[in-house]
Amino acid sequence: MAIHKEGYKIIAIVSLILITLNFISFSFIPVPFIYWTLLVFSVLFLIFILRFFRKPTREILLNENTVFAPCDGKVVVIEQTEENEYFKDKRIQVSIFMSVWNVHINWFPIGGVIKYYKYHPGKFLVAHLPKSSTENERTTVVVENKNKQQILFRQIAGIVARRIICYAEEGKIATQNSEVGFIRFGSRVDIFLPLDAKINVELGQKTIGTQTIIATI
């Protein structure tokens with residue numbers, strides 16, 4: 001199992017802490033039940049951390065008229081809404097919620113020029129709430145493809161997520177389904193599409209980043 005680079009430091013720190021705790025428990029607490037319980041907990045917790053930072057190998061799909069899922073998760077919103085940060089008009093919003101069990105890598109849903117990038121500090125409300133899209137810590141990225149079609153998407157922190165990593169740089173070229181970032185420990189991604197986009201997903205549908213077709217434009 002490959003591990004994402006964003007997990008290297010955390011895995012090293014967690015491993016050191018767990019090894020230290022187990023050494024202290026084994027050496028200074030002569031109660032077998034305690035140190036065996038701690039050992040089992042430590043192994044399970046380390047497996048959870050390793051699994052969270054897993055990096056799957058997937059086929060890279062490219063299609064200029066297709067918007068792919070930027071993350072693994074479940075579709076929790078499909079609605080027409082007003083996008084007030086960049087477009088300042090009506091768009092179709094598709095939101096995907098990522099639980100702690102999902103892969104937390106994020107990918108570019110389309111390829112093209114990165115026309116806009118902004119980081120917004122904010123709250124850590126439950127990511128399911130509609131207002132998390134405008135009040136939580138988040139990043140906003142807009143990509144324009146060769147046909148001059150623009151897609152906006154946001155990485156949004158949740159109640160558990162406390163760190164958003166985004167590699168997008170304004171003016172750079174983004175390759176469709178290449179990595180755009182990572183969100184640690186539960187979160188959400190919103191995608192804002194043109195009103196004439198054909199939506200290919202349904203509420204409650206599970207998505208696989210880089211593989212599931214969200215819409216055609």
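The model is predicted: local features need pLDDT of at least 70, side-chain atom pairs count only at pLDDT 80 or more, and totals for chains, interfaces and linings use all residues. Residues are numbered from 1 along each chain as its sequence is written, and side-chain values use heavy atoms, with hydrogens and water left out.

**Stop 1: helix 2**

Select residues 32-52, which form helix 2. Helices (H or I, at least four residues) and strands (E, at least two) are DSSP runs, numbered from the N terminus. The expected span is 1.5 Å times one less than the number of residues. For the 21 residues of helix 2 that gives 30 Å, and the end C-alpha atoms are 30 Å apart, which agrees.

Now colour Tyr35, Ser42, Phe48, Ile49 and Phe52, the buried residues of helix 2. Buried means under 20% relative accessible area, exposed over 50%, and partly exposed in between (1.4 Å probe, protein chains only). Why are they on the same side of helix 2? They cover an arc of only 145° around the axis, taken from the directions from the helix axis to the C-beta atoms.

What do the buried residues pack against? Helix 1 (8-28) and strand 10 (179-183). Turn to the face away from the buried side: the exposed residues Phe33, Trp36 and Leu44 are there.

**Stop 2: aromatic rings**

Rings of Phe, Tyr and Trp (its six-membered ring) pair if their centres lie within 6.5 Å; planes under 30 degrees apart count as stacked, over 60 as edge-to-face and the rest as tilted. The count by this rule is 11 aromatic pairs.

Select Phe52 and Phe53. This pair is edge-to-face, at 5.0 Å centre to centre and 80° between the planes. Phe52 is buried at 1% relative accessible area; Phe53 is buried at 0%.

Go on to Tyr86 and Phe87. Their centres are 5.1 Å apart and their planes at 80°, so this pair is edge-to-face. Tyr86 is partly exposed at 25%, whereas Phe87 is buried at 15%.

The rule here is NZ of Lys or CZ of Arg within 6 Å of the ring centre and within 35 degrees of the ring normal. Lys5 likewise lies over the face of Tyr167, at 4.8 Å from the ring centre.

For a cluster, show Phe41, Phe45, Phe48 and Trp101, which ring pairs link.

**Stop 3: His4**

Select His4, in the segment before helix 1. Is His4 buried or exposed? Buried, with a relative accessible area of 1%. Leaving aside neighbours within four places in sequence, His4 is in contact (heavy atoms within 4.5 Å) with Phe53, Lys55, Ile105, Tyr167, Glu179 and Phe182.
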